[in-house]
Amino acid sequence: MKKRIGYGSFMVNDVETLKKCIKQAVESGYDFIDTAYFYQNEKQIGKAIKELRNEGFNKEILVQTKIWPEFYGNIKDAVLMSCENLQVNKLDMCLLHRRHFNLNMDISAWEQLIECQKQGLVGEIGVSNFDRDALEIIRQRTGVYPYSNQIELSVNNYREDRVVYNESKNIEIQAWSPLGDLESNLTNPILVRLAKKYNLDIPGLLIAFIGSLNHSIIVKTSSVTRIVSNKQAFDVKLDDEDIKELKKINTYKIKYSESFAYDISK
């Protein structure tokens, strides 16, 4: 499975900034733009893309969005709402954003998302933050595994069990928060030494780590310069021995709670 890089738009809400970032991401070889209803910027992304088109930018722009659990009771309406926000007739990629408190709602939402795909409203379908048990249950009920599973993944929180399981089912792993605990990582002697070896800064090394493991990645920034350097870093291949050393940093330190309700301000 080809590794992909998505431009993460979380907390980027200004249309002009989005226009610059989306254009640079596409020109730099990013595979898609990642958003979600929960990010409250679907409308801004739709407007930014429309303005880019009106200005003559004609390169393909694929967008992945995510449906929040409060809408799991009516996925089709949620899909249509995102289509309206993004000013498109069909979603390129759509994920269930998080587990619901009620497993039956997850199952129902996945069944409905499959139906939306059959109706041509959605292209690629997947999930985000789903664990092995939930994935197995929705597959048993529907016969369909997600194409992708977007999970928190970094040198600080490298869940080998999740990686092995998803790969064994040919489910693409999309790593979110790939920089992990950046504050402590910036002074970690292992990272400092290896960043120098590969002529990267530490964020770049952390991105190269994910790319070297052939995982897909979501990288967020509002800097055009970082968009370029992040893509370049993603294509850097680290030596196997260095990857083993980087994995030793892992302490399973999560950035956000894995429960349904969590505080995004931290």
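Biologist: Let's start with E136, which sits in helix α5. What makes E136 count as buried?

Modeller: Its relative accessibility is 17%. Buried means under 20% relative accessible area, exposed means over 50%, and partly exposed is in between, using a 1.4 Å probe and protein chains only. So 17% puts E136 in the buried class. Mind that this is a predicted model, where local features need pLDDT of at least 70 and side-chain atom pairs count only at pLDDT 80 or more, while totals for chains, interfaces and linings use all residues. Residues are numbered from 1 along each chain as its sequence is written, and side-chain values use heavy atoms, with hydrogens and water left out.

Biologist: And which residues does E136 touch?

Modeller: Y145, Y165 and K169, if you skip residues up to four places away in sequence. Contact here means heavy atoms within 4.5 Å.

Biologist: Why is F38 called partly exposed?

Modeller: F38 has a relative accessible area of 22%, so it lands in the in-between class. F38 belongs to the loop between β2 and α2. Across the sequence, F38 and Y256 are 218 residues apart, yet their C-alpha atoms are 15 Å apart in space.

Biologist: How do you know that the length of helix α1 agrees with what it should span?

Modeller: Helices are DSSP runs of H or I with at least four residues, strands are runs of E with at least two, and both are numbered from the N terminus. The expected span is 1.5 Å times one less than the number of residues. For the 14 residues of α1 (residues 15–28) that gives 20 Å, and the end C-alpha atoms are 20 Å apart, so the two agree.

Biologist: What caps the N-terminal end of α1?

Modeller: D14, with a side-chain oxygen 3.3 Å from the backbone nitrogen of E16. A polar contact is a pair of N or O atoms within 3.5 Å; within protein, one must be able to donate a hydrogen and the other to accept it, and residues adjacent in sequence count only if both atoms are side-chain atoms. So 3.3 Å is within the limit. Just after α1, G29 takes a positive phi of about 100°. The cover over the buried residues of α1 includes β1, β2 (32–34), α2 (42–54) and α10.

Biologist: Why is strand β5 described as largely enclosed?

Modeller: Six of its seven residues (122–128) are buried, so the rest of the structure largely encloses β5. In strand β3 (residues 63–67) it is five of five, so that strand is largely enclosed too.

Biologist: What makes β4 and β5 a pair?

Modeller: Two strands pair if DSSP finds at least two bridges between them. β4 (residues 91–96) and β5 have five bridges and run parallel, so they qualify. L95, for one, has G126 in β5 as its bridge partner. β5 and β6 (residues 148–152) are joined by two bridges, also parallel, with S128 opposite Q150.

Biologist: Which unit do β4, helix α4 and β5 make?

Modeller: A right-handed β-α-β unit, with α4 covering residues 103–118. Right-handed means that, with the strands pointing away from the viewer, the path from the first strand over the helix to the second runs clockwise. From β5 through helix α5 (residues 132–142) to β6, the crossover is right-handed as well.

Biologist: How many strands close into a barrel?

Modeller: Eight, in the order β1-β2-β3-β4-β5-β6-β7-β8, with parallel pairing. The twist averages 30° from one strand to the next; axes are lines fitted to C-alpha atoms, for helices over the stretch in contact, and angles run from 0 to 180 degrees between N-to-C directions.
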